[in-house]
Amino acid sequence: MDKHNFTALPQWKFEDLYRLDPQFKPSECTASLRNSSNPEFMEKFIPNIQLFLQSDHLNVSEWSRLYHFNNPFGYMGLNYTAIKAAVDTIPKLASTQLLPVPTRAKDGCIHCAVVGNSGILNGSRQGMEIDSNDYVFR
């Protein structure tokens, strides 16, 4: 099965399976999407999906499960030995949490600012407000 054999996106007749994070910790932040009161959102949201691929995650069974998906979601058209050699160079992480909650966060929430580089904030005097967040994405 190779991607050059398809003229349209294939339709699969199986359930989506995801690698779940064994180190997952529920959020203590009451405003977190993980604690949403929207039942439709919660029905679709999977909070404990493993975010980072590590060397011990890839074996023949896992490669076979993901082989029918094209990159970046799977390994379609790629050789197991080559993928395994590349994945084995990824070090094991101490934590699988994407953004650790700062110890100073009394409410258990992570506060982020996302700012662009267009210059629209130049002279806005928002520097202290932006920098007061736990994480700033520029």
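This is a predicted model: local features need pLDDT of at least 70, side-chain atom pairs count only at pLDDT 80 or more; totals for chains, interfaces and linings use all residues.
Residues are numbered from 1 along each chain as its sequence is written, and side-chain values use heavy atoms, without hydrogens and water. Local features need pLDDT of at least 70 and side-chain atom pairs count only at pLDDT 80 or more, while totals for chains, interfaces and linings use all residues.

**Exercise 1.** Determine which cysteines form the disulfide (a pair of cysteine sulfur atoms within 2.5 Å).

*Solution.* Step 1: the structure holds 1 disulfide, and C29 and C109 are its partners, with an S to S distance of 1.8 Å. Step 2: C29 lies in the segment before helix 1 (39–44) and C109 in the loop between helix 3 (80–87) and strand 1 (112–114), so the bond ties together parts 80 residues apart in sequence. Helices (H or I, at least four residues) and strands (E, at least two) are DSSP runs, numbered from the N terminus. Step 3: the torsion about the S-S bond is about 85°, so the disulfide is right-handed.

**Exercise 2.** Describe the salt bridge (a side-chain nitrogen of Lys or Arg within 4 Å of a carboxyl oxygen of Asp or Glu) between E62 and R19.

*Solution.* Step 1: the closest N and O atoms of E62 and R19 are 3.9 Å apart. Step 2: E62 lies in helix 2 (residues 60–66) and R19 in the segment before helix 1, so the pair ties together parts 43 residues apart in sequence.
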